[in-house]
Amino acid sequence: MISGLRQTLYYCLQPLLLIAAVGIWYTNPTFELTYLYVVLGVQLVLGVIEHYLPARSEWVIRARQKSINVVLVFFLIIIALTLTAVYVEWLAAPLAAFRNAAGFDIWPHHWPILAQLLLVFFASEFVWYWMHRTEHRWTLIWRLSGHGAHHSFKKLNALNFGLNHPLEYFFILLPSILVELVFGIGVAAAGASVLTVTQTSIVHSNINLNSKAIGWLFTTNRYHICHHSADLNESNTNYGCSAIVWDRVFGTFLDTSISDAGTGPTEPGLWQKFLMPIKEPEDTSIAPGSL
Ligand SMILES: [Zn+2]
């Protein structure tokens with residue numbers, strides 16, 4: 001019974017969650033609360049499965065720590081939504097003026113909406129790939145973004161999608177907002193953000209999932225957990241947090257099972273994580289130049 005359930009989840013969970021999330025958005029593409037409902041629904045499904053059928057039992061976290069993480073993610077989502085509004089306020093008018101002045105009106109608005117969604121998804125992931133790769137290869141950007149805080153967790157689960165340093169939201173949000181506003185995309189961009197948040201939740205989850213077929217274009221938790229390795233050579237791979245195709249194109253793809261996650265042998269406390277842009281823990285082994 002349990003092995004049959006594990007097998008079904010192994011093959012079906014990721015594709016079903018992606019189809020369900022995009023399908024819910026597709027029924028009413030302009031409904032603004034879809035993003036938050038999808039975050040809640042996906043986290044509940046993954047959280048329950050991680051609790052009863054974890055891939056690594058040693059990564060199951062206690063209820064108290066889980067509750068703290070839920071509260072942190074709640075406030076970090078509020079920060080992300082506020083910053084999104086600020087970015088749009090700052091950038092929408094100048095980028096629309098640039099598009100009009102340059103005659104840069106090339107977005108295929110006549111395409112089916114789902115084809116537009118995939119186009120904006122992979123275009124945004126292309127920008128994020130290079131931004132994320134820069135965070136890992138350039139000490140200044142590693143520190144400014146506080147990206148080490150996201151990597152510092154020794155136990156990963158679906159909630160880690162939102163456990164980023166507040167400063168990092170200045171970086172994380174920019175690729176999709178720039179692509180949306182430079183091209184004047186419209187409603188398909190909202191669908192892409194629903195697909196992205198579903199993917200980033202799945203790829204941090206502590207559940208046994210299949211990586212074949214789906215893992216040619218979309219990343220999986222096997223590939224992304226590899227990026228969270230405490231070994232610098234394993235960590236400097238798989239920069240795509242939703243799509244994996246750009247790692248395959250640019251030669252940073254790695255498929256291996258890691259033994260240890262985090263920035264080093266120990267996990268810093270919450271306050272230490274917050275201070276990582278100005279002071280890194282001494283045992284950090286995956287910061288740029290750690291070799
Ligand atoms: Zn990273």
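## Surface and model basis

The accessible surface of the protein is about 14200 Å², and carbon and sulfur atoms hold 68% of it. Areas follow the Shrake-Rupley method with a 1.4 Å probe; for residues, only the protein chains shown count as cover.

The model is predicted: local features need pLDDT of at least 70, side-chain atom pairs count only at pLDDT 80 or more, and totals for chains, interfaces and linings use all residues. Residues are numbered from 1 along each chain as its sequence is written, and side-chain values use heavy atoms, with hydrogens and water left out.

## Overall fold

The protein has 13 helices and zero strands. Helices (H or I, at least four residues) and strands (E, at least two) are DSSP runs, numbered from the N terminus. The radius of gyration is 19 Å, close to the 19 Å that the globule rule gives for 291 residues, so the protein is as compact as a globular protein of that length. This radius is taken over C-alpha atoms, and the rule is 2.2 Å times the number of residues to the power 0.38. Along the principal axes, the C-alpha atoms fill a box of roughly 55 × 50 × 35 Å.

Of the 291 residues, 50% are buried. Buried means under 20% relative accessible area, exposed over 50%, and partly exposed in between (1.4 Å probe, protein chains only). Take contacts between residues at least 6 apart in sequence: 75% of them join residues at least 24 apart. A contact means heavy atoms within 4.5 Å.

## Charge

There are 16 positive and 18 negative side chains. The centres of the two sets lie 7 Å apart. Lys and Arg count as positive, Asp and Glu as negative; His and the chain ends are not counted. Each charge is placed at NZ of Lys, CZ of Arg, CG of Asp or CD of Glu.

## Leu 173

Leu 173 sits in the loop between helix 7 (169-172) and helix 8 (174-183). Leu 173 counts as buried because its relative accessibility is 14%. Beyond its neighbours within four places in sequence, Leu 173 contacts Ala 80, Leu 83, Thr 84 and Tyr 87. Thr 34 lies 139 residues from Leu 173 in sequence, and 18 Å away in space, C-alpha to C-alpha.

## Cysteines

The structure holds zero disulfides (pairs of cysteine sulfur atoms within 2.5 Å). The closest cysteine sulfur to that of Cys 241 is in Cys 226, 13 Å away, too far for a bond. Cys 241 is buried, at 11% relative accessible area. Cys 12 is partly exposed, at 31% relative accessibility.
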